[in-house]
Amino acid sequence: MNLHEYQAKELLKRYGVPTQEGIAVEKVDDALNAYKQIATDSGSKFAVVKAQIHAGGRGKGRMKEAPDQAGVSVVKSAEDVERVAKGILGNTLVTIQTGEAGKKVNKILVAQDMYYDGPSERKEFYLSILLDRAEKRNVIMYSTEGGMDIEEVAHHTPEKIFKEWIHPGMPLQAFQARKIAFNFGLSGEAFKNMVKFVTNLYNAYVGLDCSMLEINPLFKSADDKIIAVDCKMGLDENALMRHPDLADMRDKSEEDPTEVEAGEYNLNYVKLDGNVGCMVNGAGLAMATMDMIKLAGGEPANFLDVGGSANAQTVEAGFRIILKDPNVKAILINIFGGIVRCDRVAAGVIEAYNKLGNINIPIIVRLQGTNAEQAKELIVNSGLKVQSAILLSEAAQLVQDAVSAN
Amino acid sequence: MSVLVNKNSRVIVQGFTGTEGTFHASQMIEFGTNVVGGVTPGKGGQTHLEKPVFNTVRDAVVATGADVSIIFVPPAFAADSVMEAADAGIKVIICITEGIPVQDMVKAREYINGKDCRLIGPNCPGVITAGEAKVGIMPGFIFKQGRIGIVSKSGTLTYEAADQVVKAGMGISTAIGIGGDPIIGTTTKEAVELLMNDPETDGIVMIGEIGGNMEAEAAKWLKDNMRKPVVGFIAGQTAPPGRRMGHAGAIIGGADDTAAAKMKIMGECGIHVVESPANIGKTMAAVLQKEMA
């Protein structure tokens, strides 16, 4: 589950991680009040207005309805704030990560400007924490090249990326925090602040059950403060059971509405762009079924895992969700019945089909495993326009026929 | 002998008296697995499915000589159950539970490191040695006895592969569901190695999916150790990058963990890679026939 920047910063504060101060608002009037507050607190007329969406590249991104307006703007007056807030709120931000459709912006963060002058040089670093699957432990990845696309840095100058692995079950050790601060080339106050920053940041990563935490830029101000200017945070959904307050931070407006609905039926659904819908039990078989659709000349319209309990209710919910997609020209149901009996699933398909009425596209049902023959008989005798298969290769052939008939 | 579990395995069920534990323990007993008891903290001393219930895994091991454990404990407590089993001296720990927080598994994986035990899973269908012991949730009747081993990250895709192998005139020695989570106890390479060294296995089906580097690691090992034919399939050739496809670990993170990249390296290392999941069984039959000729 992804969080917005303003939410992530709120959470980091709980762990004593210094962040750029800001106020998240949904209305232009509130943005003006937020600006007044920020200007008073910081003693500077400079501030930053940032669109809050679940995608990166906001600074270079542009609003669809107002192409002169970027997703992040520096402001220095109330007039600026009004103009920028009007340009962003309610409009659609297109960035390199959103795709052409872009994302509607419902919230902006009015934040303190950190790039003020002072006795020392300002610096931007990069730091992220994530799971290293191969090493089976968490890793802190960091670079002196902050504020840039880290994948570019990794590709062109891999020597500028450092990694620090953390022993499972232990906090970040002091020597590791020092190593990171030294590698950033810091000394004095900035060094001490960085040691504290990364130690607390790792505690936040573990304490919040993050799946990833990225600070880019990680900023050293001209007065040697170490601050998270931006923050991308992903949470481990499996751990939300022990963080009910974090579960409440989910912003469903950032997700595909059909995927949200599928979640309410306990179906695991991912929308894709193809023309053949599918409904499968088990994630691996579901992916394999998508691949088979492609090999048969179609394109999968979705990933849909109905899980261990394929019954009339789940099948009906699956049908409803797949049929919402106007691109779907055929549906393949692929159930390998083990503990679930195929004849029960077949009865469920027939019931759901009858209940939904006019389904005008070919439905192919492949049921294999416990009671597969009885299931096929049920489908054949139902008189419905449903084609039945037992072998996976038969199902593939039927998909091919359906696709080429279109 | 086959690998990991056989008719001599003495199996306990952790989370024995819960709904899942009860259902699957009954199924395992019906299959003929030697289930010697179970563990549910606070219910020690009771009898369930005509088997003794213990408060701790240690008690169960002392009383029954159990050497294999299967875990049906809810996600919040499952990593703890893995550590408890390892601490009590269980040799093969099979964790079925799906949805364990990843940081819990990072800790549990480290805890069992260096202990004389092997963890299978979590988020897996378990292990079955056809005709001998089923320690898992798979439909046992599909796995007709034979000489083909299966290693797979996925449940129903394992059943699919087993069914095709049987329909193509062969049978199964041991099928190992290694699990679909980002952190698992036994890697693809380790499971393949077990089967490569098993005198009762003549060929191996290796089923992977997008995400992680385990298939590539197995392929590189196989390049120098291919003493039996291996047929491989990778699920998720059509999966978009950055989206999690059901399994917690099934997510394309970069260029190396796509299905295409995995299939390429597997092919280069001598694995018979099939594009279509419908061709697993018949490819294995063809490859074995060619070897014999």
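1. Two residues are in contact when heavy atoms of theirs lie within 4.5 Å. By that rule, 57 residues of chain B are in contact with 45 residues of chain A. The model is a predicted one, and the values below are computed from it.

2. How much area do chain B and chain A bury between them? The figure is about 3900 Å², and carbon and sulfur atoms account for 65% of it.

3. Some of the pairing between the chains involves charged side chains. The rule finds four salt bridges across the interface of chain B and chain A. One of the residues to look up is B:E110, which forms a salt bridge with A:R137. The closest N and O atoms of B:E110 and A:R137 are 3.2 Å apart. Polar contacts were counted as well: 13 residue pairs across the interface of chain B and chain A, with both residues at pLDDT 80 or more.

4. Which helices and strands of chain B each supply at least two residues of the side that touches chain A? There are helices α1 (19-31), α3 (75-87), α4 (102-112) and α5 (155-167), together with strand β13 (230-235). Sorted by class, the side of chain B that touches chain A has 28 nonpolar, 18 polar and eleven charged residues.

5. Now chain A by itself. Chain A has 13 helices and 19 strands. Its C-alpha trace spans about 85 × 50 × 40 Å along the principal axes. Chain A has 406 residues, and 54% of them count as buried. The chain exposes about 17800 Å², with 49% of that supplied by carbon and sulfur atoms.

6. A further point on chain A concerns which parts of the sequence meet. Take the contacts between residues at least 6 apart in sequence: 68% of these join residues at least 24 apart.

7. A:S73 is found in strand β4, which covers residues 72-75 of chain A. Is A:S73 buried or exposed? A:S73 counts as buried because its relative accessibility is 14%, and the cut-off for buried is under 20%.

8. What does A:S73 touch, leaving aside residues up to four places away in sequence? The neighbours are A:A47, A:V48, A:V49 and A:V84.

Conventions: Residues are numbered from 1 along each chain as its sequence is written. Chains are lettered from A and ligands numbered from 1 in the order in which they are written. This is a predicted model: local features need pLDDT of at least 70, side-chain atom pairs count only at pLDDT 80 or more; totals for chains, interfaces and linings use all residues. Side-chain values use heavy atoms; hydrogens and water are left out. Buried area is the accessible area (1.4 Å probe) that two parts lose on being put together, summed over both. A polar contact is a pair of N or O atoms within 3.5 Å; within protein, one must be able to donate a hydrogen and the other to accept it, and residues adjacent in sequence count only if both atoms are side-chain atoms. Helices (H or I, at least four residues) and strands (E, at least two) are DSSP runs, numbered from the N terminus. Ala, Val, Leu, Ile, Met, Phe, Trp, Tyr, Cys and Pro count as nonpolar, Asp, Glu, Lys and Arg as charged, and the others, Gly among them, as polar. Buried means under 20% relative accessible area, exposed over 50%, partly exposed in between (1.4 Å probe, protein chains only). Accessible areas come from the Shrake-Rupley method with a 1.4 Å probe; for residues, only the protein chains shown count as cover.
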